[in-house]
Amino acid sequence: MKEDIQVWRTNRPRDFLRNGKSVTVPESWVFVPSGDPGLTRRLKSTAECWSVVHKRKNRIESLGIWCDGTVVEKVKADLTEERNNPAYLRKLELARQARIAKQDAYVVEFRQAVVDFLNFAPCYEELAWDLADAVTDQAVPVGSGTVARTERIPLASRAEAAVIAWMRHQTTGYDHMSIARIKGERRAVRRELAGISREILEVYRAGKPAPENCPLKAALS
């Protein structure tokens, strides 16, 4: 059985707040910090645990769990034995290789999606691939936290959003702007800059001569 408890900031490290009431962790329990998902899952499925969470702005952050010390030591020992087993190590390596292959395939797929979104005229095909390389390098690394890593929107939409985000940072003065702390102001600035970026892209889509001071060419040079 697992119960989530929110950390209660006091000078007593074993005191917490659960459902608005003060609770104290049993003396035989020990704290296991977050960081080893396998250990955490095994403990939660083996014994009663209290998950310690902390509210940070509009999200909840997991800090770790409290669990009986005897159980923790046994589960840790069992996991260590399993993880030293050659079969387990082979399984890990196969999983790692599968993740690498999946990432490599996504890089190729995403890069093509960016080129498709750009839809530059044939005379600017090389520039399109250069821009696609730059956007892909920034957007698709695992853990980057960019829109390219989400599966909640279609690939084409991810590619479009990634291009506009890259241009916002690389071809405008957005990173150095002083934006008023007014609700909606930053979003309005982004919309305005996105419009400017789309106008730049239209020049290359139409195959028109690019101005000498084009910020896109300057960013890619």
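The structure is a predicted model, in which local features need pLDDT of at least 70 and side-chain atom pairs count only at pLDDT 80 or more, while totals for chains, interfaces and linings use all residues. Residues are numbered from 1 along each chain as its sequence is written, and side-chain values use heavy atoms, with hydrogens and water left out. Helices (H or I, at least four residues) and strands (E, at least two) are DSSP runs, numbered from the N terminus.

A nonpolar core is a set of buried Ala, Val, Leu, Ile, Met, Phe, Trp, Tyr and Cys residues joined through side-chain atoms within 4.5 Å. Buried means under 20% relative accessible area, exposed means over 50%, and partly exposed lies in between (1.4 Å probe, protein chains only). The largest nonpolar core has 28 residues, and those with the most contacts inside it are F110, L118, F120, L201 and L216. At least two residues of this core come from each of helix 3, helix 4, helix 5 and helix 6 (185-205). Helix 3 gives the most, with seven residues. A second, separate core of ten residues includes V32, L39, L43 and L79.

Which residues does L201 touch, leaving aside its neighbours within four places in sequence? The residue L201 is in helix 6, and it counts as buried because its relative accessibility is 0%. Its partners are F117, L118, F120, L131, V163, M167 and L216, where contact means heavy atoms within 4.5 Å. L201 and L118 are 83 residues apart in sequence, yet their C-alpha atoms are 7.1 Å apart in space.

The next topic is the packing of two helices. Two packed helices are described by the angle between their axes and the distance between the axes. Helix 4 and helix 5 (residues 155-170) pack at an angle of about 95°, with their axes 10 Å apart. Helix 4 is therefore roughly perpendicular to helix 5. Here axes are lines fitted to C-alpha atoms, for helices over the stretch in contact, and angles run from 0 to 180 degrees between N-to-C directions; angles under 35 degrees count as roughly parallel, over 145 as roughly antiparallel, 65 to 115 as roughly perpendicular and the rest as oblique. On the side of helix 4, L131, A134, V135, Q138 and A139 meet A162, V163, W166 and Q170 of helix 5. By class, this contact has seven nonpolar, two polar and no charged residues. For these classes, Ala, Val, Leu, Ile, Met, Phe, Trp, Tyr, Cys and Pro count as nonpolar, Asp, Glu, Lys and Arg as charged, and the others, Gly among them, as polar.

The loop between helix 4 and helix 5 holds V147. This residue is partly exposed because its relative accessible area is 29%. Leaving aside neighbours within four places in sequence, V147 is in contact with I153, R158, A161 and A162.

Aromatic rings form a further topic. Rings of Phe, Tyr and Trp (its six-membered ring) pair if their centres lie within 6.5 Å; planes under 30 degrees apart count as stacked, over 60 as edge-to-face and the rest as tilted. By this rule the count comes to five aromatic pairs. W29 and W50 form an edge-to-face pair, at 5.3 Å centre to centre with 70° between the planes. W29 belongs to strand 4 (residues 29-33) and W50 to strand 5 (residues 49-56), so that the pair links parts of the chain 21 residues apart. Both W29 and W50 are buried.

The rings of Y124 and Y204 have their centres 4.7 Å apart and their planes at 80°, so this pair is also edge-to-face. Because Y124 lies in the loop between helix 3 and helix 4 and Y204 in helix 6, the pair ties together parts that are 80 residues apart in sequence. Y124 is buried, with a relative accessible area of 13%, and Y204 counts as buried at 1%. F120, Y124 and Y204 form one aromatic cluster.

The loop between helix 3 (86-118) and helix 4 (125-139) also contains N119. Most residues other than glycine have a negative phi. N119 has a positive phi of about 50° although it is not a glycine. N119 is exposed, with a relative accessible area of 52%.
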